[in-house]
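Please look over the sequence and the model shown here.

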Amino acid sequence: MLLRSYFEIIEGRMQGDIRHKVAQAIRDKKVGKDSLTELQRATKERLVYDAQAGDIVLGRHTYKEYIRGFHEGYLGPTSEPEAITSIMNPHMPGDPITEAPLVDESLVNTDPSPPEPPVEKTDEEIKAEIDAIKAKIPSSPPSYILPDEYAAAQLNTNPPTTSFTYVPMQHLLGFLNTPWRIYRFLNRRSLAEDMCRATTAAVLASHTRTFDETRDLEYGIDEQMDWPKKNRQKEDGVWVESITTDRRVVEALQVYQYEEPVTAGEQQASGEASTA
């Protein structure tokens with residue numbers, strides 16, 4: 001099978017999933033690790049494609065996580081910090097304790113009377129405790145590095161040139177927004193043209209430009225008003241936080257550009273004008 005471009009779909013169910021997957025893919029490349037499954041590896045070996053194909057980012061929330069994950073992958077550590085490991089793998093009731101706790105000998109009870117036997121918990125109580133602990137585990141590990149730590153971080157590997165395109169994604173809900181939803185439905189052709197133009201630019205990959213922080217960081221900013229109020233009112237999280245960049249990293253980013261094809265009539269008119 002011959003493909004001009006090969007795109008791997010990366011999706012997330014919760015806030016932070018895309019950020020972690022983008023960062024983890026970069027960390028794996030830095031240490032030479034292949035995180036593909038056997039089926040994915042066998043499929044890619046049968047394909048002939050452009051390995052330098054870029055990324056297609058759908059929606060403002062994905063774009064924020066994409067930029068954060070790109071910075072985390074190159075500026076953060078390659079191995080998981082112990083603090084994050086303890087968050088993702090907390091101690092469960094019934095698990096053996098590998099290390100004996102430090103005890104102050106002066107506080108040891110010297111009373112010769114036998115200690116009280118521990119209270120035995122039922123299986124239902126243990127299961128309830130385990131479920132409560134699992135409910136607090138985030139779907140993805142927290143960031144290995146925070147945006148305010150970018151400036152002090154050391155860039156050990158120069159990021160390769162990475163191109164991407166942004167595809168707008170409107171998703172407005174609510175009965176009170178019905179008039180605006182009808183307006184968008186009647187004008188959906190404009191949105192379809194924008195989406196197709198951005199996707200075509202990435203598939204053709206014939207024109208790119210350098211990343212402009214002043215303009216490109218505003219991609220899809222109007223989409224945030226479509227988000228549910230409970231998401232817009234959150235005080236923390238990559239979706240609501242402002243995008244922070246580091247010049248050393250964003251210098252490697254490029255944006256795909258779509259160039260309108262030149263028709264035969266335009267070529268002829270251009271040739272006649274140059275001849276004249």
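In which helix do Phe-70 and Tyr-74 both lie, and how many residues apart are they? Both are in helix H3, four residues apart, which is about one turn of the helix. This is a predicted model, in which local features need pLDDT of at least 70 and side-chain atom pairs count only at pLDDT 80 or more, while totals for chains, interfaces and linings use all residues. Residues are numbered from 1 along each chain as its sequence is written, and side-chain values use heavy atoms, with hydrogens and water left out.

**Aromatic rings**

- The structure holds 10 aromatic pairs (rings of Phe, Tyr and Trp, the last by its six-membered ring, with centres within 6.5 Å; planes under 30 degrees apart are stacked, over 60 edge-to-face, the rest tilted).
- One of them joins Tyr-63 and Tyr-166 edge-to-face, at 5.6 Å centre to centre and 70 degrees between the planes.
- Tyr-63 belongs to helix H3 (residues 60-75) and Tyr-166 to strand S4 (residues 162-167), so this pair ties together parts 103 residues apart in sequence (helices, H or I of at least four residues, and strands, E of at least two, are DSSP runs numbered from the N terminus).
- Tyr-63 is buried at 0% relative accessibility, and Tyr-166 is buried at 9% (buried is under 20% relative accessible area, exposed over 50%, partly exposed in between, with a 1.4 Å probe and protein chains only).
- Phe-70 and Tyr-74 also pair edge-to-face, with 5.2 Å between centres and 65 degrees between planes; both residues are buried.
- One aromatic cluster includes Tyr-63, Phe-70, Tyr-74 and Tyr-166, along with Tyr-66, Phe-164, Phe-211 and Tyr-219.

**Charges over rings**

- The charged end of Arg-27 sits over the ring of Tyr-144, 3.8 Å from its centre (NZ of Lys or CZ of Arg within 6 Å of the ring centre and within 35 degrees of the ring normal).
- Arg-188 lies over the face of Phe-185, 4.2 Å from the ring centre.

**The cavity**

- A search of the whole structure finds one cavity of 30 Å³ or more (on a 1 Å grid over the protein atoms alone, a set of points where a 1.4 Å probe fits but cannot get out; lining residues have an atom within 4 Å of a point).
- The largest cavity holds about 60 Å³ of space (the volume filled by probe spheres set on the points, which are joined across faces, edges and corners).
- Its lining includes Lys-64, Ile-67 and Arg-68, as well as Val-238 and Glu-241.

Note on methods: 1 Å grid on protein atoms, 1.4 Å probe; cavity = no way out; pocket = protein on both sides within 12 Å on 5 of 7 lines; lining within 4 Å.
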